[in-house]
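Please study the sequence and the structure shown below before reading on. The briefing that follows goes through the main features of the fold by topic.

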Amino acid sequence: MSNEFTSATFNKFLGEHKLMGARCTKCGGLYLPPRAICPHCYSDQIEWIEMSGKATLAAFAAVFIGPSTLQAEGYDRNNPYCAGIVELDEGVKISARILGVDAKNPASIAIGTPLTIEFMERGVAEQQKTVLAFKTI
Ligand SMILES: [Zn+2]
C-alpha cells in the first residue's frame with residue numbers, strides 16, 4: 001500500500017501503533033485525519049509526521065447504548081464507556097476512546113485531564129482492527 005494521504009493509510013499506521021498526522025510543509029498546517037491538499041494554502045506538499053501521543057481531554061460523553069461492536073465488548077447501560085475528543089500536544093483534536101475514567105460517574109471526569117495514547121486491538125484475523133484510545137496517566 002502506498003502512503004497516500006487517505007484514511008486508509010492513516011488506519012494502516014494505526015495498525016502499526018503509530019498515530020500519524022499529515023503536515024503541510026508550506027504553512028505548517030496539521031491534519032488528522034489526513035488531507036491530500038492543505039485546506040489553508042491549497043498546497044499539495046504534505047508529509048506524514050508521527051504524533052507524540054500526549055494529549056488532554058477536550059470533550060467527552062459517557063455512552064450507555066453504543067454500536068453493536070461495543071455491545072459485543074460488553075458495554076451496555078450497566079457498563080458504559082467513555083467516548084471523547086482529545087487535544088493532542090501538537091494542537092490538533094481527534095476523537096478517541098477514553099480509558100481509565102469512571103464512565104458511570106461522568107461528574108468525576110475532568111476536561112483538561114492529561115492523557116497518553118493507547119492502541120486497542122479488537123477482533124481477530126481479517127476483522128482485526130486497531131482502535132485509537134487515550135488513557136489517564
Ligand atoms: Zn498549507
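## Overall organisation

Read from the N terminus, the elements of the protein chain follow the order α-β-β-β-β-α-β-β-β-β. The chain thus holds two helices and eight strands; helices (H or I, at least four residues) and strands (E, at least two) are DSSP runs, numbered from the N terminus. This is a predicted model, in which local features need pLDDT of at least 70 and side-chain atom pairs count only at pLDDT 80 or more, while totals for chains, interfaces and linings use all residues. Residues are numbered from 1 along each chain as its sequence is written, and side-chain values use heavy atoms, with hydrogens and water left out.

**Size, burial and contacts**

- Taken along the principal axes, the C-alpha atoms of the protein chain fill a box of roughly 50 × 35 × 20 Å.
- The protein chain has 137 residues, of which 36% count as buried; buried means under 20% relative accessible area, exposed over 50%, and partly exposed in between (1.4 Å probe, protein chains only).
- Among contacts between residues at least 6 apart in sequence, 49% join residues at least 24 apart, where contact means heavy atoms within 4.5 Å.

**Two domains**

- The protein chain is divided into domain 1 (7–50) and domain 2 (54–136), with bounds that come from an automatic or database domain assignment.
- The C-alpha centres of domain 1 and domain 2 are 22 Å apart.
- Eight residues of domain 1 make contact with eleven residues of domain 2.

**Helix H1**

- Helix H1 spans residues 7–15, and Thr9, Phe10, Phe13 and Leu14 are buried in it.
- These residues lie on the same side of H1, because they cover an arc of only 150° around the axis; the arc is that of the directions from the helix axis to the C-beta atoms.
- In general, an α-helix has 3.6 residues a turn, so residues three or four places apart point the same way.

**The largest pocket**

- The largest pocket has a volume of about 540 Å³.
- On a 1 Å grid over the protein atoms alone, a pocket is an open set of points where a 1.4 Å probe fits, with protein on both sides within 12 Å along at least five of seven lines; lining residues have an atom within 4 Å of a point.
- Grid points are joined across faces, edges and corners, and a volume is the space filled by probe spheres set on the points.
- The lining of the largest pocket consists of 20 residues, and Arg97, Lys129, Thr130, Val131 and Leu132 are those nearest its centre.
- Two or more lining residues come from each of H1, helix H2 (68–72), strand S5 (81–88), S6 and S8.
- The lining of the largest pocket comprises nine nonpolar, seven polar and four charged residues; Ala, Val, Leu, Ile, Met, Phe, Trp, Tyr, Cys and Pro count as nonpolar, Asp, Glu, Lys and Arg as charged, and the others, Gly among them, as polar.
- The largest pocket lies between domain 1 and domain 2, because both give residues to its lining.

**Backbone features in the loops**

- His17, which follows H1, has a positive phi near 65°.
- His17 is found in the loop between H1 and S1, and it counts as partly exposed at 36% relative accessibility.
- Tyr42 also has a phi near 65°, a positive value in a residue other than glycine.
- Tyr42 is placed in the loop between S2 and S3 and is exposed, with a relative accessible area of 65%.
- Leu32 and Pro33 are joined by a cis peptide bond, with omega about -5°.
- Pro33 is found in the loop between strand S2 (30–31) and S3.

**Two residues and their surroundings**

- Tyr31 lies in strand S2 and is buried, with a relative accessible area of 10%.
- Leaving aside neighbours within four places in sequence, Tyr31 is in contact with Gly21, Ala22, Cys24, Cys38, Pro39 and His40.
- Val101 is found in the loop between S6 and S7 and counts as partly exposed at 24% relative accessibility.
- Not counting residues up to four places away in sequence, Val101 touches Cys82, Ile109 and Thr136.
- Val101 and Asp89 are twelve residues apart in sequence and 20 Å apart in space, C-alpha to C-alpha.
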